[in-house]
Amino acid sequence: MNAVADPAHPAVPAFDAAALDDALRQTIAGEVRFEAGSRALYATDASNYRHVPVGVVVPRSVDDIITTVALARRFDAPLLMRGGGTSLAGQTCNVAIVLDTSKYLNRIHAIDPDSRSAAVEPGVVCNVLGLAAAEHGLTFGPDPSTHARCTLGGMIGNNACGAHSVMAGKTDENIETLDVLTYDGVRMTVGPTTEEELAAIIDTGDRRGEIYAGLKSLRDRYAETIRQGFPRIRRRVSGYNLDALLPENGFNVARALVGTEGTCAITLGARTRLVENPRHRVLAVLGYPDICAAGDAGPAVVATGALCCEGLDEQIIGDMRKKGFGLDAIAELPMGNAWLLLEYGGATPEEAEHNAREAITTLAADTLDHRVITDPGEQRTVWSVRESGAAATNAVPGEAETYPGWEDAAVDPAHVGDYLRDYRELLARYGYRSSLYGHFGDGCIHGRVDFDLMSRNGVAKWRRFTEAAADLVVRYGGSLSGEHGDGQARAELWPKMFGPELMTAFREFKHIWDPENRLNPGRLIDPEPFDTNLRTGPDYAPIDPPTEFAFVRDEGSFAKAAGRCVGVGKCRRHAGGVMCPSYRATGEERHSTRGRARLLFEMLQGDPLEKPWNSDYVKDSLDLCLACKGCRHECPVQVDMATYKAEFMAHYYRHHPRPRQAYTLGWIHRWAPLAGAAPRLVNALTQTPGLARLAKAVAGVAPRRALPAFSRRPFTRDFRPAADDGRPAVMLWADTFNNYLHADTARAAADVLAQAGFRVTLPERRACCGRPLHDHGRIDQAKAALADSMAALAPAIEAEIPVVGLEPSCLGSFRDELPNLFPNDGRARWLAENSYLLPDFLASRETLDLPQLEGRALVHLHCHQRALFGVAGTRRLLERLGLEVEILDSGCCGMAGAFGFDPDKIEVSLKVGEEVLLPAVRGADAQTLIVSDGYSCREQIAQTTERRALHTAEVLALAYGIRCGARA
């Protein structure tokens, strides 16, 4: 197999990719992935561009990188370093060998609080370094909105900044030295260099001396041009940092290499500067009549000592409302059509709050409204609005898609308001709609625009607009990029900003480091045109096959659904929220929501992945998805991987045999009634050690797992409905799990509802939502089960009696899958809107007089509960009972129905549970109630700890004094 590094750049010759693949596998300890699936996985980043790489290397050590570079040089192959893959300008996708350092080279070697520095590997995530430094009262200053998943290597490549650049500056200002490797194999540590040191290095005459001699010559010849030609603004990221080589800047080679986007040298490690981390922070939010007025206020804000000054416009907020995304966060904003988020620090909470309120007295006259937020949780909630900015305006119902491409210009902060007025006029002239947000304290403006990139006329219009926008920012003395770098998106425009002499200097700088042009070729120097190689350009023609689900939110198109992901990588964060449990357990891109979405996107392209619906690589990636629906709730563009997985598996298993679990646990709704007829016999078979081993082998259950025991009698066998006595009726949905396996929970729920003043009824016949059928693609059977459920619930639907359920995954099927499978059925719409989980139903009855129960409750929410129903109802209900409530930020429990019983998945299941939930349960004192409404969650807790979790119904029964056999 031969591969051409890039047809657009014939200077990069063809090379034998198969031989290179073989040589790498024989030589390095890391992972070598040249197969179609991995190449598809790394074909895009968060930009508009798509370049299928030649192969991927995941090095385990620096030695692996050195060997890979040596072999690439032998085969004359291009290379590309990649961190979190969240770049917006196309600098982290190329037809090259991709080196992904994020999985293994992610260690902090040392933190020195005395010198305020840290030694790190390139794959360290920004947040990880920040948290480690915080133990010493320090932090790493730059913090882009992707700080929970972007890597230091990527930040060095892009010269990333973030909200706190007002306080700490760009990445280049926070790098002391770099450990780098050139394509021709020279490893060196670079940093500031005295004239004496420079002379000594040059005198060695070796390759390092040759590089330094070239840099000195370049500096001496272009010094005055550099001084005069670079914009005098803090957020100048475009162009190579040649100013770092000037004598007055200490001939700092490390800072000169920051922002080169992997085109000059490979970063093996870095020593970073750390800055003081204010012990306490308070957030002030100011509301303005429009975003231009907010821009005018930037300099006054910075003068008050704010640690950051972030702007948001009304379009982001409006689009989030249309999507139903982040509504709790939006509710925290004061009145206005644009907002500034200001942060103030202090040694004590009182000092931080004083600083914020004192600043507001200075600023308030020009605002419509303001708020000071002292609670850290509320602050995080509001910050989530700003951090979702890059994707908040995508996949908005009724609106065109938005794209990066001109999302990163920077001007002097004193001119932000005027620049925004002119920029909005330019947008209006071209008929574009754009969000506007960014780092107003430093003059950096972000915004995604609804470019038409799928027609040739639309792309031509985009080119005209971009060139006009570049001219505008240059007139303001600004920078094409103030944070994201230039990649393929803006490098073609460098001559507008820098002129011919500096362009010659840039070209020389690249040649000094990489004379053969093998590091990220086609980026920055001799760039490919910004309107080529588009991910969804005029030539985009995906296969769009018929589907089982309606995909109503995506106009019935699976291709559009798979294309929702814009690559911001929120699913790759390592802590907080639910998304994405399998990525956290494996560290593998293909087991992240983004990775799976990209594989489905590439599957529909047909190259390099072939055989739509039949790819084993895609199947293996989706197979480890826990269908937690965390992405449905937490992804800014609301990728719904649980549904995509079910759709794929439905097609895949038409041509492949299903696993044994599909016929055992997947058909629990069939087997449970049979077991319920003779539960003692079944339990004897499944709970007796020798017989249990045989039963697990037959059922395809991991030997380490215990088979769940069936209740002595199903709940429905003994239930007797009360006579109609005028009390309001509720229809209790007795799901398979709580009817046959946890019948005490269902009994408690019925008794509690009766005590609360409701007349409890059940469907006249047994039915099941069919949720377990989705995991193995039995969508036809799941649809039939839901149709049967609607028929069984017809009396409640016709009489408009609310349906109350106990199992979040079952009620979630009514909320989510039902309208997606029956989009035109009025019964489905009614049931989706009028089915409630027990705690939400009771919490919404504000006048209900509840009994009191002293104590503490440690609560774990089922993933579907968090994604589709929210946290508020459970918290409110338990607090009304008088309990002290802690709702764990525990993500997924790891059991996820049949997932945790699978022999091939049990290790991932346990690793997910051990992240937060299981240690928290083990650490709780004996008097604390462990509460979780999910059957799977309670089973994971029971099988891995000494505790038994209670359903909310059982907690209520305790409060009412009802004997229900609840297990503590």
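## A tour from a buried asparagine to a pocket

Begin by selecting Asn520 together with Glu261: a polar atom of the Asn520 side chain lies 2.9 Å from the backbone oxygen of Glu261, where a polar contact is a pair of N or O atoms within 3.5 Å, within protein one able to donate a hydrogen and the other to accept it, and residues adjacent in sequence count only if both atoms are side-chain atoms. This is a predicted model, in which local features need pLDDT of at least 70 and side-chain atom pairs count only at pLDDT 80 or more, while totals for chains, interfaces and linings use all residues. Residues are numbered from 1 along each chain as its sequence is written, and side-chain values use heavy atoms, with hydrogens and water left out.

Staying with Asn520, you will find it in the loop between helix H20 (494–513) and helix H21 (558–562); helices (H or I, at least four residues) and strands (E, at least two) are DSSP runs, numbered from the N terminus. Asn520 is buried, with a relative accessible area of 0% (buried means under 20%, exposed over 50%, partly exposed in between, with a 1.4 Å probe and protein chains only). Beyond its neighbours within four places in sequence, Asn520 is in contact with residues including Leu79, Leu80 and Gln91, contact meaning heavy atoms within 4.5 Å.

Next, select the open sheet of four strands, which has the order S3-S4-S6-S5 and mixed pairing (two strands pair if DSSP finds at least two bridges between them). Strand S3 (31–33) and strand S5 (79–82) stand at the edges with a single partner strand each, so one side of each has no neighbour in the sheet. Three bridges join S3 to strand S4 (residues 55–58), and the two run antiparallel; within this pair, Arg33 stands opposite Val56 in S4.

Then move to Gly726, in the loop between helix H30 (715–718) and strand S20 (729–733). Is Gly726 buried or exposed? With a relative accessibility of 67%, Gly726 counts as exposed.

Finally, select H29 (689–699), one of the elements that give two or more residues to the lining of the second largest pocket. The largest share of that lining, five residues, comes from H29.
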